[in-house]
Amino acid sequence: MGKILIGYATRTGAAADIAEAIADEFRGAGHEVRVANLDKDPSVDDARLVIVGSGINTAAWYPEAVGWVRASADELRGAKVAVYNTCLNAADPDKRDAALGYNDAVAARCAPISSETFGGRYVPAKVGLLSKLLAKVTGQKAQDHVDCTAARRWARNLHTIVTD
């Protein structure tokens with residue numbers, strides 16, 4: 001079984017929860033999995049598969065996730081890569097395609113074998129002032145759309161791709 005790195009960037013814990021759900025699936029299949037917050041600058045080492053995820057702010061990945069992908073570009077060339085994001089738009093079927101498109105800029109840097117989006121979480125106490133003001137103007141309330149079952153399903157699909 002291969003080694004897997006799952007790196008994430010999060011503000012509300014949604015991307016971390018998704019990372020752990022994915023890790024559970026791969027561990028259950030006998031893989032050695034390392035889950036790491038990207039702000040800790042994890043090394044790719046000899047990971048056969050690298051899964052990178054980020055929360056979304058104004059239609060873009062968090063800067064530490066983009067920076068990690070940029071800084072790890074050489075190492076990522078030696079592994080299969082998959083990317084995901086967590087955002088509120090992913091929970092709305094009419095906005096899912098747009099939410100998936102938030103991965104495009106990062107995907108252009110690492111040529112992933114798969115790209116996915118999962119519903120996110122909005123926790124007012126964990127966002128910046130600008131986001132709080134925007135939420136107040138739009139009437140947005142705290143919400144949680146994290147779907148770990150969907151993350152596990154995606155992990156099973158990735159496992160099929162990786163082991164073929």
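Because the model is predicted, local features are reported only where pLDDT is at least 70 and side-chain atom pairs only at pLDDT 80 or more, whereas totals for chains, interfaces and linings use all residues. Residues are numbered from 1 along each chain as its sequence is written, and side-chain values use heavy atoms, with hydrogens and water left out.

**Stop 1: strand 1 and its partners**

Select residues 3-9, which make up strand 1; helices (H or I, at least four residues) and strands (E, at least two) are DSSP runs, numbered from the N terminus. Six of the seven residues of strand 1 are buried, and the strand is mostly covered, where buried means under 20% relative accessible area, exposed over 50%, and partly exposed in between (1.4 Å probe, protein chains only).

Ile6 has Val35 as its bridge partner in strand 2, and Gly7 has Ala36. To follow the chain from strand 1 to strand 2, show helix 1 (residues 14-28), through which the chain passes in a right-handed β-α-β crossover. Right-handed here means that, with the strands pointing away from the viewer, the path from the first strand over the helix to the second runs clockwise.

Strand 3 is also joined to strand 1 by six bridges, and these two strands run parallel; to find one of the bridges, select Ile4 and its partner Leu49.

**Stop 2: the two nonpolar cores**

Select Val50, Val52, Trp68 and Leu76, which touch the most other members of the largest nonpolar core, a set of 24 residues. A nonpolar core is a set of buried Ala, Val, Leu, Ile, Met, Phe, Trp, Tyr and Cys residues joined through side-chain atoms within 4.5 Å. At least two residues of this core come from each of strand 1, strand 3 (49-57), helix 2 (63-71), strand 5 and helix 5 (104-110).

Centre the view on Val50 and, leaving aside neighbours within four places in sequence, look for its contacts with Leu5, Val44, Trp68, Leu76, Ala79, Lys80, Val81 and Ala82; contact means heavy atoms within 4.5 Å. Then select Ala21, Ile22, Ala150 and Trp154, which are among the 23 residues of a second, separate core.

**Stop 3: the rings around Trp154**

Which residues do ring pairs link into a cluster? Select Tyr84, Phe118 and Trp154, which are linked in this way. Rings of Phe, Tyr and Trp (its six-membered ring) pair if their centres lie within 6.5 Å, and planes under 30 degrees apart count as stacked, over 60 as edge-to-face and the rest as tilted.

The structure holds three aromatic pairs. In one of them, Tyr84 and Trp154 are edge-to-face, at 6.1 Å centre to centre and with 70 degrees between the planes. This pair links Tyr84 in strand 5 (residues 80-87) with Trp154 in helix 7 (residues 148-163), 70 residues apart. Tyr84 is buried, at a relative accessible area of 0%, and Trp154 is buried as well, at 5%.

The ring centres of Phe118 and Trp154 are 5.8 Å apart and the planes stand at 70 degrees, so this pair is edge-to-face. Because Phe118 lies in strand 6 and Trp154 in helix 7, the pair ties together parts that are 36 residues apart in sequence.

Glu116 lies in strand 6 (residues 114-119) and, at 15% relative accessibility, counts as buried.

**Stop 4: a charge over a ring**

Select Arg11 and Tyr62: the charged end of Arg11 sits over the ring of Tyr62, 3.9 Å from its centre. The criterion is that NZ of Lys or CZ of Arg is within 6 Å of the ring centre and within 35 degrees of the ring normal.

**Stop 5: an open helix and positive phi angles**

Select helix 6 (residues 129-138), which lies largely in the open, because one of its 10 residues is buried. Gly139 follows helix 6 and has a positive phi, near 75 degrees.

Asp45 is not a glycine, yet it has a positive phi of about 50 degrees; Asp45 is placed in the loop between strand 2 and strand 3 and counts as exposed at 55% relative accessibility. Finish at Ala111, in the loop between helix 5 and strand 6, where phi is again positive, at about 45 degrees, although the residue is not a glycine. Ala111 counts as exposed, at 62% relative accessibility.

Notes
Pairing = 2+ DSSP bridges.
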